[in-house]
Amino acid sequence: DLSEVTAEGGDWNFGGRGWNPIGSNDSYSNLLFEGIFDGNGYSISGMNMNIEKQGANKTEFYFGLFSAVSGIVKNLTVGGKIQLDLNLSTKYSDPIKVYAGGIAAYSKCGVFENCINKTEIIVNEELTANGRSYTFSIGGIVGRTDSMSDDSFSNSTHISRCLNMGKINVNVCNYYEESNYVAGIVGYNAQVSAVIEKCINAADIY
């Protein structure tokens, strides 16, 4: 139960914002988890993140239990709340990309088996920066999948027997070019050979 350690004054309350994702590199970046994380049927609860005005000098953000996975995550239940009020007004020229998922924000040929997400994900953002492009990829299990250079079946993301029970509420207003993807299992699948099977979304998506 991460509730106390990620609360105000807790040992794992990263910068007053709650949980610091595995692979975040203390900056919500995407260092890949390449090992095997076997939850052995146990649950992680109270994984709470409350992010406001994060990183005006950054253009990519990854939020979840893991920031990015190329290994295996299995037999795990995760519960909590991810609240993003990012205030991403900035004048940098590169597009801003935001990825969030209950289990992982991003998968690069990762494997997810028998995972249950009960984490609620809430994104509120009114984007007013001048001439900017934004991409939000929000999923109950994984925010976005991507491939290695070899986009083959043997080198692809596999998501099987996963269940999303966490409500997703995304309220984003883009005044300029927009690409917003929200879904119960995977927000955006950018990998032709990815396998998503025997999964259920049982939560409301707004």
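1. Strands here are DSSP runs of E of at least two residues, and helices are runs of H or I of at least four residues, both numbered from the N terminus. This is a predicted model, in which local features need pLDDT of at least 70 and side-chain atom pairs count only at pLDDT 80 or more, while totals for chains, interfaces and linings use all residues. Residues are numbered from 1 along each chain as its sequence is written, and side-chain values use heavy atoms, with hydrogens and water left out.

2. Two strands pair if DSSP finds at least two bridges between them. An open sheet is formed by 5 strands with parallel pairing, in the order β1-β5-β8-β11-β16. β1 (32-33) and β16 (186-189) stand at its edges; each has a single partner strand, so one side of each has no neighbour in the sheet. Within this sheet, β8 (residues 104-108) runs parallel to β11 (residues 142-146), and 4 bridges join them. Ser 107 has Thr 145 of β11 as its bridge partner.

3. Pairing with β6. Strand β6 (residues 72-85) pairs with β2 (residues 36-38) in the parallel sense over 3 bridges, with Asp 38 opposite Lys 74. Strand β3 (residues 43-52) also pairs with β6 in the parallel sense, over 8 bridges. Here Glu 52 has Asp 85 of β6 as its bridge partner.

4. Nonpolar cores. A nonpolar core is a set of buried Ala, Val, Leu, Ile, Met, Phe, Trp, Tyr and Cys residues joined through side-chain atoms within 4.5 Å. Buried means under 20% relative accessible area, exposed over 50%, and partly exposed in between (1.4 Å probe, protein chains only). The largest core has 40 residues, of which Phe 63, Leu 84 and Phe 112 touch the most other members. Strands that each supply at least two residues of this core include β4 (60-63), β7 (96-101) and β9 (111-127). β6 gives the most, with 5 residues. A second, separate core of 5 residues includes Tyr 62, Ala 68, Tyr 99 and Ala 105.

5. Phe 112. Which residues does Phe 112 contact, leaving aside its neighbours within four places in sequence? Taking contact as heavy atoms within 4.5 Å, the partners include Val 69, Val 73, Ile 103, Val 142, Ile 159 and Cys 162.

6. Cysteines. The structure holds 0 disulfides, a disulfide being a pair of cysteine sulfur atoms within 2.5 Å. For Cys 115, the closest cysteine sulfur is that of Cys 162, at 4.6 Å, which is too far for a bond. Cys 115 is buried at 0% relative accessible area, and Cys 109 is buried at 9%.

7. Positive phi. Asn 40, in the loop between β2 and β3, has a positive phi of about 55 degrees although it is not a glycine. Asn 40 is exposed, at 58% relative accessibility. Asn 114 lies in strand β9 and also has a positive phi, near 55 degrees; Asn 114 is partly exposed at 30%.

8. Salt bridges. A salt bridge is a side-chain nitrogen of Lys or Arg within 4 Å of a carboxyl oxygen of Asp or Glu, and the whole structure holds 2. One joins Lys 167 to Glu 120, with the closest N and O atoms 3.6 Å apart. This pair links distant parts of the chain, 47 residues apart: Lys 167 is in the loop between β13 (163-164) and β14, and Glu 120 is in β9. Lys 167 is partly exposed at 35%, as is Glu 120 at 24%. Asp 146 forms a salt bridge with Arg 144, with closest N and O atoms 3.6 Å apart. Asp 146 is buried at 18% and Arg 144 is buried at 17%.
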